[in-house]
Amino acid sequence: MEIELAKCDCCGLKEDCTKDYINEVKGNFEGKWLCGLCSEAVRYEVNRGKQFLGMEEAVKAHMSFCGNFKSNNPAVHVADGMRQMLRRRSGDLSSNSSSQYTTSISTSQLS
């Protein structure tokens, strides 16, 4: 399977996806590729049924909403924060895992 980098047409978040998945998402959202968070927001608006008539209007409204907050998009900030946290944690685990394991063995042998 070939992996491509897909960029959300709403918020700009980038994800690695297969071509089949990219095409499936575009088929669901009027030819636009939306990340998971934006696609859920659009589906919510469509299912709410009060304000929007259909998928096309919901996608346009969400794209407009994201456009207003492009530089200060909460989804992008959350994703960046999670990425930084995971990088720090993976660095901590690789450098400390052997010492934590040794310490737990030493302590249990003393008892």
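**Reading a predicted chain**

Guide: Let us start with a single side chain: K19 is partly exposed, because its relative accessible area is 38%. The model is a predicted one, and the values discussed here are computed from it.

Visitor: With which residues does K19 form salt bridges?

Guide: Side chains of opposite charge can pair when their charged atoms come close. Here, K19 forms a salt bridge with E4, where the closest N and O atoms are 3.6 Å apart. This pair links distant parts of the chain, since K19 belongs to helix α1 and E4 to strand β1, 15 residues apart. E4 is itself partly exposed, because its relative accessible area is 29%. K19 also forms a salt bridge with E2, with the closest N and O atoms 3.9 Å apart. E2 lies in the segment before β1 and K19 in helix α1, so this pair ties together parts that are 17 residues apart in sequence.

Visitor: What separates R48 and E45 along helix α2?

Guide: About one helical turn separates R48 and E45, because they are three residues apart in helix α2, which spans residues 36-48. These two residues form a salt bridge, the closest N and O atoms being 3.4 Å apart. R48 is partly exposed, with a relative accessible area of 34%, whereas E45 counts as buried because its relative accessibility is 19%, the cut-off being under 20%.

Visitor: In which sense do strands β1 and β2 pair?

Guide: In a regular strand the side chains alternate between the two faces of the sheet. In this model, β1 (residues 3-7) and β2 (residues 14-18) pair in the antiparallel sense over five bridges. I3 has T18 as its bridge partner in β2, and K7 has K14. The two strands form a hairpin with six residues between them, and G12 in the turn has a positive phi of about 90°.

Visitor: How many helices accompany the two strands, and what is the pattern along the sequence?

Guide: The chain has four helices besides its two strands, and along the sequence the pattern reads β-β-α-α-α-α. Of contacts between residues at least 6 apart in sequence, 36% join residues at least 24 apart.

Visitor: Is H62 buried or exposed?

Guide: H62 counts as buried because its relative accessibility is 14%. H62 lies in helix α3, residues 55-68. Setting aside neighbours within four places in sequence, H62 is in contact with C10, C38, A41 and V42. Across the chain, buried residues make up 22% of the 111 residues.

Visitor: Which residues make the nonpolar surface patch?

Guide: V78, M82, M85 and L86 make a nonpolar surface patch of about 360 Å²; L86 lies in helix α4. The chain exposes about 8,100 Å², of which carbon and sulfur atoms supply 52%.

Definitions and conventions. Residues numbered from 1 in each chain as written. Predicted model: local features only at pLDDT ≥ 70, side-chain atom pairs only at ≥ 80, totals over all residues. Heavy atoms only, no water. Buried < 20%, exposed > 50% of the residue type's maximum accessible area, 1.4 Å probe, protein only. Contact = heavy atoms within 4.5 Å. Areas by Shrake-Rupley, 256 points an atom, 1.4 Å probe, with all protein chains shown as cover. Patch = residues over 30% accessible without salt bridge, like charges linked within 9 Å, V, L, I, M, F, W, Y side chains within 5 Å. Salt bridge = Lys/Arg side-chain N within 4 Å of Asp/Glu carboxyl O. Pairing = 2+ DSSP bridges.
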